[in-house]
Amino acid sequence: MQYKSQAVAKPYFIAAIGLFVGQILFGLIMGLQYVMGDFLFPAIPFNIARMVHTNLLIVWLLFGFMGAAYYLIPEETENELYSPKLAIITFWIFLIAGALTIVGYLLVPYARLAEFTGNNILATMGREFLEQPLVTKIGIVIVALSFLFNICMTLLKGRKTSISLVLVLGLLGLAVFFLFSFYNPSNLVLDKYYWWWVVHLWVEGVWELILGAILAFVLIKVTGVDREVIEKWLYVIVTMTLITGIIGTGHHYYWIGTPEYWQWWGSVFSALEPIPFFMMTIFAFNMVNRRRREHPNKAAVLWALGTGVLAFLGAGVWGFLHTLAPVNYYTHGTQMTASHGHLAFYGAYVCVVITMISYAMPILRGRAANSNTAQVVEMWSFWLMSVSIVFITLFLTAAGIVQVWLQRYSDTPMAFMAVQDKAAIFYWMREGAGVIFLIGLVTYIASFFIKGETKAAA
Amino acid sequence: MTTDARNQYEGLPGDFAIWIFILAEMLAFGVLFVAYAFARAHDVALFNASQETLNRTFGAINTMVLITSSYFVVRAVNAIKCDLSRDCAWWLGMAWLLGAVFISIKCVEFYDKFSAGITLSTNSFYMFYLALTFFHFMHVLMGMIILAVVIVKARRGGYSSRDHTGVETAASFWHMVDLLWIILFPLIYVIR
Amino acid sequence: MGTTFTKSMARNIFYGGSVFFFLLFIALTVDTTKALPKRDNSQNITAEVERGKKVWETNNCIGCHTLLGEGAYFAPELGNVYKRRGGDEGGAEFIKEWIKMQPLNIPGRRKMPQFHLTDQELDDLVAFLKYASEINTEKWPPNIEG
């Protein structure tokens with residue numbers, strides 16, 4: 001560790017992994033409720049479990065991004081963090097607020113929670129992924145502001161590299177677009193239109209800047225390739241991301257009451273959206289092949305390459321599969337969307353956060369890399385989780401095809417619940433793959449506790 | 001004519017990055033052109049009828065304007081290769097002015113259509129007509145900004161026969177904008 | 001790759017390109033906003049509909065159902081449920097009775113909780129769902145089953 005203040009990243013990473021476990025457990029509950037409707041009912045109804053599952057995902061990724069930023073920014077700017085103390089305070093506020101929100105979801109009926117938390121003053125709750133009570137939303141804004149303040153102050157007094165600029169731009173965008181979560185007009189079409197400004201412009205816009213910056217940072221460290229080369233790639237990739245992704249928002253505006261022309265805009269630009277992801281794959285492999293040093297942390301390199309490949313598969317290929325308007329007409333709102341969501345989030349964001357953790361955590365613990373045994377276990381966890389998420393994706397795709405075929409495309413369309421019964425076999429297999437994913441995650445956590453010969457810190 | 005030694009090996013004039021950009025642009029426009037063709041095949045009668053309402057004279061004049069400005073840009077590049085900074089700036093300035101003429105004519109045309117109550121939602125043809133020409137319009141503006149930056153630098157003697165990548169980069173972009181229009185004009189205004 | 005491909009050029013393209021496309025997006029947004037009143041059925045947003053939307057939101061219906069195809073995929077699409085269940089002839093009654101009946105006592109079937117909605121809230125929710133079913137969605141979903 002080059003700078004003492006980088007140590008604040010550690011609690012962020014630990015919290016991220018802890019919440020990740022929670023997310024997966026609730027995912028398994030939901031998966032079972034798909035085929036065993038009585039499971040945990042009425043203690044945890046599906047809508048509550050889903051809210052916990054998706055909100056935990058978002059929150060732990062945010063913890064991961066923040067941790068990554070706190071680790072990366074001092075090293076890139078070549079000076080200590082502006083205020084490590086503020087970073088720790090922010091950490092506890094965010095963790096406690098997040099935990100209270102989840103407990104609220106689980107213990108209080110949602111309508112009551114809305115009443116208690118000021119939803120009558122400004123109604124923002126009850127929209128997918130933005131279910132958080134008003135107070136939590138305001139809390140998120142405050143946390144984001146203090147975090148950005150800390151990062152920007154550090155950046156201002158230090159070296160300004162392209163990686164840190166792209167990262168900060170991504171984080172700024174994240175904060176700015178979150179503000180649209182406070183806009184909830186009674187006009188459903190407008191509501192949905194701007195809801196996507198948070199959701200789409202996050203995951204297919206500014207988050208990709210964060211992703212690119214983190215990946216570039218780790219690649220510089222583990223390959224020793226010239227910064228000039230890597231940063232040039234970074235710029236080209238994020239450029240392609242934004243010029244395809246911004247108008248690509250149009251692929252959500254096909255069937256929600258927005259004008260017909262979005263079918264053209266959305267199809268054309270989102271057809272180009274796989275390009276930046278493809279470039280990212282090429283980039284990762286290219287840099288590793290041209291490496292100038294053998295970094296002892298092989299696990300981090302594996303995660304970095306995994307990010308490239310799985311992000312391309314999940315976000316690029318699976319996104320493209322159903323993005324063209326004539327196809328989307330049949331697949332919109334089926335398990336097809338869920339399949340794409342799972343692989344895209346895992347490949348792009350889960351993998352990149354773990355790449356960073358995998359690279360930084362050994363250093364934060366005082367060694368260049370973990371022992372060989374620990375790394376082997378970690379690599380096993382990579383394969384277990386990655387292969388099982390690919391299977392989850394495949395099974396959900398199969399379920400989606402069943403839905404399209406029986407409920408949408410057929411001359412004698414069947415009712416929703418009848419079709420769900422026909423797809424039950426795929427939901428069972430998805431649950432099986434989910435269990436293997438959990439085993440992979442437990443393996444991953446176990447790798448942190450394996451001792452053995454380690455090399456001294458770099 | 002003296003050529004930059006580096007460029008003889010590279011093959012491509014100007015900065016390499018602009019070529020990546022140009023490629024990406026061509027791809028985006030290419031996909032839009034293909035989409036136009038699909039949409040037109042879907043409803044030929046509607047497309048032909050709506051096409052009749054476009055002002056082909058304006059379109060033709062604008063085509064001449066852009067081709068001429070492209071020629072001026074070529075003269076500018078040649079001038080700087082002979083170390084004639086002022087000539088270079090002058091030719092670029094003329095190209096810029098023609099760009100402004102293009103923009104003005106286009107504005108009249110847009111004003112015409114908007115005051116006739118035509119929007120992106122009127123029908124598929126107008127959707128493509130407005131989208132493609134507006135998209136191109138913004139590229140012309142972008143090109144003019146780039147030209148302006150290069151003109152200012154050229155006037156201060158910032159380029160020479162040895163170092164004029166900036167001029168060639170701007171020229172490449174301007175040619176692309178011109179080329180796109182040369183495809184756009186027949187595609188939307190003429191072919192039926 | 002050419003040596004002339006500098007990082008600063010890549011950066012300029014990044015900034016220029018992003019701003020360019022964001023402006024284009026804003027332009028399309030302005031046009032969409034202008035075009036919406038003809039399509040979004042906003043003339044029928046009554047006080048009832050507004051309250052209904054709040055009932056929809058504060059009971060987290062989107063956590064199981066989809067609305068115009070967006071939401072969870074655990075339970076049926078509700079954007080067109082008003083029409084699916086009879087429209088002006090019985091749609092309202094069906095939806096209200098259905099919600100009151102929950103949870104159904106069928107072992108193994110996916111369960112919908114009992115939300116204890118008042119008659120007023122039920123009427124508001126139905127008004128909201130009726131309004132949603134009349135938005136111009138470009139003929140989506142492909143058929144009444146959603």
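**Exercise 1. Determine whether Val52(A) counts as buried or exposed in this predicted model, and describe its surroundings.**

Solution. 
Step 1. Locate the residue: Val52(A) belongs to helix 2 of chain A.
Step 2. Apply the cut-off: a residue is buried if 20 or more other C-beta atoms lie within 10 Å of its own. Because Val52(A) has 24 C-beta neighbours inside 10 Å, Val52(A) counts as buried.
Step 3. Identify the contacts. When residues up to four places away in sequence are left out, Val52(A) touches Phe26(A), Ile102(A), Tyr105(A) and Leu106(A).
Step 4. Consider sequence separation. Glu131(A) stands 79 residues from Val52(A) along the chain, yet a distance of 9.6 Å separates their C-alpha atoms.

**Exercise 2. Describe how helix 13 and helix 14 of chain A pack against each other.**

Solution. 
Step 1. Take the geometry: the two axes come within 7 Å and cross at roughly 165°.
Step 2. Classify the angle. Angles over 145 degrees count as roughly antiparallel, and helix 13 of chain A is therefore roughly antiparallel to helix 14 of chain A.
Step 3. Assign the hand: the crossing of these two helices is left-handed.
Step 4. Helix 13 of chain A contributes residues including Gln335(A), His342(A), Tyr346(A) and Ser358(A). From helix 14 of chain A come, among them, Glu378(A), Ile389(A), Leu396(A) and Gln403(A).
Step 5. Sort by class: the contact of helix 13 with helix 14 of chain A holds nine nonpolar, eight polar and one charged residues.

**Exercise 3. Characterise the fold of chain B, and the packing of its helix 3 on its helix 6.**

Solution. 
Step 1. The C-alpha trace of chain B spans about 55 × 30 × 20 Å along its principal axes, and 38% of its 192 residues count as buried.
Step 2. Examine contact range. Of the contacts in chain B between residues at least 6 apart in sequence, 81% connect residues at least 24 apart.
Step 3. Turn to the helix pair. Helix 3 (residues 44-51) and helix 6 (residues 124-155) of chain B have axes 8 Å apart and an angle of about 55°, which means that helix 3 of chain B is oblique to helix 6 of chain B.
Step 4. Name the residues: Leu46(B), Phe47(B), Ser50(B) and Gln51(B) of helix 3 meet Ser124(B), Phe125(B) and Tyr126(B) of helix 6. By class, this contact of chain B comprises four nonpolar, three polar and no charged residues.

Definitions and conventions: Residues are numbered from 1 along each chain as its sequence is written. Chains are lettered from A and ligands numbered from 1 in the order in which they are written. This is a predicted model: local features need pLDDT of at least 70, side-chain atom pairs count only at pLDDT 80 or more; totals for chains, interfaces and linings use all residues. Axes are lines fitted to C-alpha atoms, for helices over the stretch in contact, and angles run from 0 to 180 degrees between N-to-C directions. Helices (H or I, at least four residues) and strands (E, at least two) are DSSP runs, numbered from the N terminus. Angles under 35 degrees count as roughly parallel, over 145 as roughly antiparallel, 65 to 115 as roughly perpendicular and the rest as oblique. A crossing is left-handed if the near helix is turned anticlockwise from the far one by less than a right angle, and right-handed if clockwise. Two residues are in contact if their C-beta atoms, placed from the backbone, lie within 7 Å. Ala, Val, Leu, Ile, Met, Phe, Trp, Tyr, Cys and Pro count as nonpolar, Asp, Glu, Lys and Arg as charged, and the others, Gly among them, as polar. A residue is buried if 20 or more other C-beta atoms lie within 10 Å of its own, exposed if 12 or fewer, and partly exposed in between; C-beta atoms are placed from the backbone.
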